[in-house]
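Here are some notes for a colleague who has not looked at this structure before. They are numbered so that each can be checked against the view below.

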Amino acid sequence: MKRFIEGEARTQSALLPASLDDYVVEDNPVRVIDVFVDELDLRELGFEGVAPLETGRPAYHPSTLLKLYLYGYLNRVQSSRRLERETQCNLEAMWLTGRLMPDFKTIASFRKDNGKAIRSVCRQFVMLCRELELFSQEVVAIDGSKFKAVNNRDRNFTSAKMQRRLQQIEESIDRYLSQLDTADRQEPSEGQAKKRTRLQDKIAILKQQMQKLKALEVRMLEAPDKQISLTDPDARSMATSGKGTGIVGYNVQTAVEPKHHLIVTHEVTNVGNDRGQLSTLAQSARDAIGVEALTVVADRGYFDGEQILACDEAGITSFVPKPLTSGSKADGRFGKQDFVYIAQDDEYRCPAGQRLIKHYTTVEDGMTLHCYWCSVCPACPMKAQCTTGKERRVRRWEHEAVIDAMQARLDADPEKMRVRRQTVEHPFGTIKLWMGWTHFLTKTLDRVSTEMSLHVLAYNIKRVIKILRAGALIKAIRSLKMSSGSQTGTIAAA
């Protein structure tokens, strides 16, 4: 007679296995977390409570709580309350903490009070990857993605949102007043009296809302970017790729190496665009990889002449497509790219073969611009295809040669942009999937940066385990300790 597989009785006593270690196999990722954290110099990294106090109740060692957080983010458990439950029922968490069961407030306070140190741990793992020679190419791809904050869209106000909301309230008040006038013209009755009372209450509530919005408008106009968020004061309204869509959140910047898709460096900002991020992130990536020369690839959202110039002066080769913002091309006329610059003569050649000569120099937004045009434009047979004005004028930035050189590199190697897309967009999708496509759990830029560092660290750990396997990674971490000759802080010193 066939039978099902049967489990043990819950009341059955068991002699073996006798220790928690028997439940955790040798290549379990929790062993990587345990070894990695044990090799860190937590005091040097700035963790609080490394040395126990002489008085008071004993505290948990920072390594225990750090291991718990790394385990949680590695397994898509980011909430402090859920981590508390994991320590009570999860064998891996019990093994990692030695059966310690801190309450959720202790767990949450650790992340709140050690933000800078946790971000340093993320950098230490990147240094470990460098020591393991996982960054074999001197190339990184840079991109940004919007992550939702805990702040709801209805609790974020810009000038346009404020005016729209005030207009909606005024229209609602006018509508209720009109209904109230209609009710007053009806025959008096108990039903009409109740209706008038209800309408008066609604009008009073709307007037209170208008007063609150007027007070918020004053605070909003005092903000540097004329924007205010009530739940998370650092969160900002940002446009997304979908037309007419947007979120209230943060702009997360990452630099990813192309071979193993490891995140080399990252930064959390509350600026809704990427234009001012290129040089800072590129230089941070170069320092993390530990090379003199670096090539960075980014999309056209990062195009900014001064940022590209800063990269060039720092010895960083950039590949950033120039956005097509000229209205001439959209109207079917020649764009600036149709005019050829002749460096030796400091002139432009137009599509009709005429020369555009430099006439004057001006400064706009701190940038020195030279202006070129040709005197024969009015008589040119191609004028209708070129300009609607008296003559076609072309302006050139004093450092435009840097942009021209970058465009020549892009024309010679168009595959760079395909590599960029395949490299840098994968980590964002993975991290958002692990987050559950939801918002950050913390508030303010500093704490959100800490939370993002934990996501990045968990992502990198999982990638390296996939590349090297857990057992080999553990041996590599321990071998770095032996080769350094130091007893503590080996990874920090590496």
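1. How much space lies in the largest cavity? The model is a predicted one, and in it the largest cavity holds about 130 Å³ of space. The count of cavities of 30 Å³ or more comes to two.

2. The lining of the largest cavity is made up of 16 residues. Those nearest the centre of this cavity are Cys350, Ala352, Cys377, Cys380 and Cys386. By class, the lining of the largest cavity has twelve nonpolar, two polar and two charged residues.

3. The second largest cavity has a volume of about 30 Å³. Its lining consists of Val139, Val140, Ala141, Pro258, Val297, Lys416, Val419, Arg420 and Thr423. Two elements, β1 (139–148) and α15 (415–435), are the ones that give two or more residues to this lining. The most comes from α15, which supplies four residues. Sorted by class, the lining of the second largest cavity has six nonpolar residues, one polar and two charged.

4. Turning to the helices, α8 covers residues 159–184 and α9 covers residues 190–222. Their axes come within 9 Å and cross at roughly 160 degrees. An angle over 145 degrees counts as roughly antiparallel, and α8 and α9 are therefore roughly antiparallel to each other. The contact of α8 with α9 has 16 nonpolar residues, along with seven polar and eight charged ones. As for handedness, the crossing of α8 and α9 is left-handed.

5. Next, the sheet. Five strands form an open sheet, and their order is β9-β10-β11-β12-β13. The pairing in this sheet is antiparallel. From one strand to the next, the twist averages 35 degrees.

6. Which strands stand at the edges of the sheet? They are β9 (340–342) and β13 (393–397). Each of these has a single partner strand, so one side of β9 and one side of β13 are left without a neighbour in the sheet.

7. The pairing of β13 can be followed down to residues. Strand β12, residues 367–373, pairs with β13 in the antiparallel sense over five bridges. Which residue of β13 is the bridge partner of leucine 369? The partner is tryptophan 397.

Terms used
Residues numbered from 1 in each chain as written. Predicted model: local features only at pLDDT ≥ 70, side-chain atom pairs only at ≥ 80, totals over all residues. Heavy atoms only, no water. Axes fitted to C-alpha atoms, helices over the stretch in contact; angles between N-to-C directions. Parallel < 35°, antiparallel > 145°, perpendicular 65-115°, else oblique. Left-handed = near helix turned anticlockwise from the far one by under 90°. Nonpolar A, V, L, I, M, F, W, Y, C, P; charged D, E, K, R; others polar. Pairing = 2+ DSSP bridges. 1 Å grid on protein atoms, 1.4 Å probe; cavity = no way out; pocket = protein on both sides within 12 Å on 5 of 7 lines; lining within 4 Å. Points joined across faces, edges and corners; volume = space filled by probe spheres on them.
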